[in-house]
Amino acid sequence: MTRRISIFGATGSIGQSTIDLIARDPDAYETVALTGGRNIAQLASDAIKLGAQIAVTADEKRLAELRDALAGTGVEAAAGRQALIEAASRPADWVMSAIVGAAGLEPGLRALQTGATLALANKESLVCAGPLIMRTAQAHGTHILPVDSEHSAVFQALIGEDLATVERIVITASGGAFRDWPIEDLAKATPAQAATHPNWDMGQRITIDSASMFNKALELIETKEYFGVSADKIETVVHPESMIHALVGFNDGALMAHVGTPDMRHAIGFALHYPHRKSLPVERLDLVKLGQMTFRDPCETRWPALRLAREVMEAGGLMGAVFNAAKERALDAFIAEQITFPRMAGVVEEVLSDLSTYESHNPAEITLDKVAEADHLARVRADEIMAQ
Ligand code: NAD
Ligand code: MG
């Protein structure tokens with residue numbers, strides 16, 4: 001039986017790894033929608049290769065270019081936010097949510113409302129609107145499968161286990177590009193330097209977020225929202241080799257680790273085939289060649305984003321949406337070389353303190369409109385702070 005699939009953010013790093021797996025077994029899948037941004041050539045060629053019903057670019061100005069690239073192929077072309085939401089609402093069995101940023105939230109919600117299984121790489125959905133996305137899945141009797149290496153690892157370690165016996169969840173962090181830099185040099189770091197990851201090949205934004213550990217901060221919140229464990233049970237450790245993706249500690253002292261080479265096709269393939277395991281084209285780990293694995297303290301002076309994540313988890317409510325939006329704006333400004341690398345955390349901290357009215361909202365009150373409002377105000381406030 002073929003499965004209907006859609007990929008949001010198909011032209012990105014996760015999207016391309018997903019297409020790599022799908023394209024190896026074309027008869028098993030029927031592609032509904034592929035979405036992308038500015039890379040029209042990639043979007044069109046993948047849509048043709050997979051025989052998609054529709055290809056959507058988020059960029060309205062590129063509709064003519066997309067139409068030209070798809071002329072005579074039978075693949076529909078569309079552009080803009082509304083077209084993206086419409087494509088996300090088309091029935092599918094399995095959907096990959098791999099748009100970067102809060103922009104990925106609504107398409108993922110629409111997919112859940114159609115009853116699709118949501119493979120969730122867009123961690124921002126859980127950070128901004130965890131209760132909303134989890135209850136939408138429940139209301140439509142569908143599943144969300146995590147596609148973050150750490151969260152897929154935790155999910156796998158928990159299979160057959162009772163969540164009540166979990167003492168702690170340990171999310172590993174590579175430490176990113178600057179883990180060995182003297183802290184005083186961070187103010188001189190350039191976007192290009194921050195966008196080079198020691199182990200993982202990922203999109204530019206998440207790579208810079210790895211250097212600042214804003215990515216890990218998002219992942220701590222993601223862990224709380226997805227697995228429903230309290231913040232005091234979630235920790236992180238710096239593990240420069242990125243071979244252990246996460247560990248789960250149980251009440252008998254046992255610690256279960258997921259170990260593998262840093263390749264997102266592990267997590268994507270697991271979510272694609274769940275509840276089965278199928279052979280994946282990932283490198284098998286040679287333990288002797290690896291030799292050793294090391295661990296370090298996640299220093300909060302070097303990575304203040306980790307402390308901010310704890311504050312956000314304690315505050316609850318819509319502070320995740322505020323945190324993520326402020327981070328997105330600070331990251332935009334760092335990429336545009338308007339602020340320094342360490343200033344990003346300073347900006348986010350100020351926005352959190354200025355918008356603390358968004359704390360402790362009743363989870364049932366977290367709606368798409370409320371998230372959009374918190375997101376908007378946090379962006380405005382971040383821009384004001386950075387303009388001072
Ligand atoms: P990427 O930058 O490589 O790709 C992002 C995709 O989203 C592209 O297709 C782009 O066109 C599209 N996009 C960007 N802005 C958009 C907008 N406003 N509206 C619609 N589409 C838009 O990013 P990535 O590294 O593939 O990451 C995607 C998501 O997966 C992120 O949430 C990231 O945190 C998460 N993730 C990535 C990795 C990884 O290894 N790359 C690992 C874990 C989680
Ligand atoms: Mg991750």
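Trainee: Where is Pro275 found?
Mentor: Pro275 is in the loop between helix 11 (265–273) and helix 12 (287–290). Keep in mind as we go that this is a predicted model.

Trainee: Okay. And what kind of peptide bond joins Tyr274 and Pro275?
Mentor: A cis one, with omega at about 10°. Most peptide bonds are trans, and most residues other than glycine have a negative phi.

Trainee: Speaking of phi, which way does Met213 go, positive or negative?
Mentor: Positive, about 70°, even though Met213 is not a glycine.

Trainee: Where does Met213 sit?
Mentor: Look in the loop between helix 9 (204–212) and helix 10 (214–227).

Trainee: And is Met213 buried or exposed?
Mentor: Buried, with a relative accessible area of 1%. The cut-off for buried is under 20%, so Met213 falls in that class.

Trainee: Let's move on to helix 10. How many residues does helix 10 have, and what is its reach?
Mentor: Helix 10 has 14 residues and reaches 20 Å from its first C-alpha to its last. That is close to the 20 Å expected at 1.5 Å a residue.

Trainee: How many of the residues in helix 10 are buried?
Mentor: Twelve of the 14, which leaves helix 10 mostly covered. Among the buried ones are Phe214, Leu218, Ile221 and Phe227. Lys216, Glu219 and Glu222 are on that buried list too.

Trainee: What follows helix 10?
Mentor: Gly228, and its phi is positive, near 70°.

Trainee: How does helix 14 look? How many residues does it have?
Mentor: Helix 14 covers residues 319–335, so count 17 residues by the helix definition. From first C-alpha to last, helix 14 reaches 24 Å, close to the 24 Å expected at 1.5 Å a residue.

Trainee: Why is helix 14 said to be largely enclosed?
Mentor: Because 14 of its 17 residues are buried, the rest of the structure largely encloses helix 14.

Trainee: Can you pick one residue there? Is Glu328 buried or exposed?
Mentor: Glu328 lies in helix 14, and it is buried, with a relative accessible area of 9%.

Trainee: Which side chains does the Glu328 side chain have polar contacts with?
Mentor: One is Asn324, in a polar contact of 2.8 Å. Another is Arg379, in a polar contact of 3.1 Å.

Trainee: What about the residue with a positive phi just after helix 14?
Mentor: That's Glu337, with a phi of about 60°. Glu337 is not a glycine, and its place is in the loop between helix 14 and helix 15 (343–354).

Trainee: Is Glu337 buried or exposed?
Mentor: Exposed, at 63% relative accessibility. The cut-off for exposed is over 50%, so Glu337 counts as exposed.

Trainee: New topic, the ligand. How many residues surround ligand 1?
Mentor: 24 residues, and the closest are Thr11, Ser13, Ile14, Gly37 and Glu124. The shell divides into 13 nonpolar, eight polar and three charged residues.

Trainee: Which polar atoms lie by the oxygens of ligand 1?
Mentor: A polar side-chain atom of Glu124 is 2.7 Å from an oxygen atom of ligand 1. A polar backbone atom of Ile14 is 2.9 Å from a ligand oxygen, and one of Gly9 is 3.4 Å from a ligand oxygen. Taken alone, ligand 1 exposes 840 Å², and the protein buries 83% of that.

Trainee: Why does ligand 1 lie between domain 1 and domain 2?
Mentor: Because domain 1 (3–146) and domain 2 (149–262 + 285–301) both give residues to its shell.

Trainee: One more residue: where is Arg179?
Mentor: In the loop between strand 8 (166–173) and helix 8 (191–194). Arg179 is buried, with a relative accessible area of 16%, and its side chain reaches the backbone oxygen of Pro240 at 3.5 Å.

Trainee: And how many residues apart in sequence are Glu235 and Arg310?
Mentor: 75 residues, with 9.9 Å between them in space, C-alpha to C-alpha. Glu235 has its place in strand 9 (residues 234–238), and at 29% relative accessibility Glu235 counts as partly exposed.

Conventions: Residues numbered from 1 in each chain as written. Chains lettered and ligands numbered in written order. Predicted model: local features only at pLDDT ≥ 70, side-chain atom pairs only at ≥ 80, totals over all residues. Heavy atoms only, no water. Near = heavy atom within 4 Å. Polar contact = N/O pair within 3.5 Å; in protein donor to acceptor, adjacent residues only side chain to side chain. Areas by Shrake-Rupley, 256 points an atom, 1.4 Å probe, with all protein chains shown as cover. Nonpolar A, V, L, I, M, F, W, Y, C, P; charged D, E, K, R; others polar. Domains from an automatic or database assignment. Helix = DSSP H or I, 4+ residues; strand = E, 2+ residues; numbered from the N terminus. Expected span 1.5 Å × (residues − 1). Buried < 20%, exposed > 50% of the residue type's maximum accessible area, 1.4 Å probe, protein only.
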